[in-house]
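I set out to record the charged pairs and the nonpolar packing of this model. My entries follow the order in which I looked things up.

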Amino acid sequence: MVTLRRFGYRRLGYLLAREGMTPNHKKLLRIYREENLRVRRRGGRKRALGTRAPMMLPDGPNQRWSLDFVSDTFACSRRFRILCVVDDYTRECLALVADTSLSGTRVARELTRLIGLRGKPHTVVSDNGTELTSSAILRWSQERRVEWHYIAPGKPMQNGFVESFNGRLRDECLNETLFTSLAHARFVLDAWRNDYNHVRPHSRLGGRTSAEIAGQCVWGHAPRHIANTSTNHHEGAGLYL
């Protein structure tokens with residue numbers, strides 16, 4: 001028999017009426033209260049809690065990844081979002097996942113893909129956005145045994161590595177490009193990510209590239225695609241303004 005814990009006295013009255021019983025609603029309410037059957041209001045939905053203790057600076061690759069979202073629009077004014085994943089030690093951009101919708105389940109799937117490519121991080125840092133506090137993320141962090149650290153609400157600079165990266169992405173790529181489609185956005189973002197990791201010198205890294213710090217070969221490797229792109233190679237793909 002199913003236990004209907006979230007039924008109020010009125011709904012229970014309807015069920016009793018189906019059984020041929022028609023008790024006075026005041027009497028039913030009195031019995032309902034005497035039996036302490038009142039429906040308690042639910043609090044906010046359960047969120048992944050993670051940790052909020054102060055963090056030490058990473059001293060090696062894969063010790064800490066930072067996550068955040070950036071939004072932009074297509075030429076038709078339709079919005080899309082980009083999931084940014086950064087290694088805080090090497091300053092590598094591990095992924096730029098562009099889509100019109102990015103749920104917690106999708107974020108977990110992309111993180112699993114990244115782990116398959118480069119191994120598991122010790123800690124993941126993010127803000128308290130809905131997608132990143134979802135049950136899918138809580139389940140993923142528990143199953144993968146990855147510590148998830150949430151910054152304090154309203155303190156974006158506690159996630160300063162990815163916030164700094166977002167500024168560069170916005171200034172050097174998003175503000176310079178008119179995106180015509182999702183496939184075009186993915187193509188341009190993947191090309192920019194490859195340049196950022198393998199070509200762009202970083203002053204914080206002594207003029208070296210992120211790939212050099214990570215011990216990767218800089219030359220002779222094609223960029224790894226973060227998503228399936230159109231078969232059209234987007235001649236003049238930049239559509240740079």
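Entry 1, basis. I worked from a predicted model, in which local features need pLDDT of at least 70 and side-chain atom pairs count only at pLDDT 80 or more, while totals for chains, interfaces and linings use all residues. I numbered residues from 1 along each chain as its sequence is written, and my side-chain values use heavy atoms, with hydrogens and water left out.

Arg186 belongs to helix 6 (residues 182-198) and Asp99 to strand 3 (residues 93-99), so the pair ties together parts 87 residues apart in sequence. I took helices (H or I, at least four residues) and strands (E, at least two) as DSSP runs, numbered from the N terminus.

Entry 3, pairs within helices. I found Glu110 in a salt bridge with Arg113, with 3.0 Å between the closest N and O atoms. The two are three residues apart in helix 3 (residues 104-118), about one helical turn. Glu110 is buried at 9% relative accessible area, whereas Arg113 is partly exposed at 29%. In helix 6, Arg193 and Asp190 are likewise three residues apart, about one turn, and their salt bridge has its closest N and O atoms 3.5 Å apart. Arg193 is buried at 9% relative accessibility, and Asp190 is buried at 3%.

A network of them links Asp99, Arg106, Glu110, Arg113 and Arg186.

Which residues have the most contacts inside the largest nonpolar core? I listed Leu67, Leu83, Val85, Val107, Leu111 and Trp148, in a core of 21 residues (buried Ala, Val, Leu, Ile, Met, Phe, Trp, Tyr and Cys residues joined through side-chain atoms within 4.5 Å). Among the elements giving it two or more residues are strand 1 (64-73), strand 2 (79-87) and helix 4 (135-144). Helix 3 gives the most, with five residues. Beyond its neighbours within four places in sequence, Val107 is in contact (heavy atoms within 4.5 Å) with Leu67, Phe69, Leu83, Leu132 and Ile137. I also noted a second, separate core of 20 residues, including Ala98, Cys173, Phe179 and Leu189.

Note on methods
Salt bridge = Lys/Arg side-chain N within 4 Å of Asp/Glu carboxyl O. Buried < 20%, exposed > 50% of the residue type's maximum accessible area, 1.4 Å probe, protein only.
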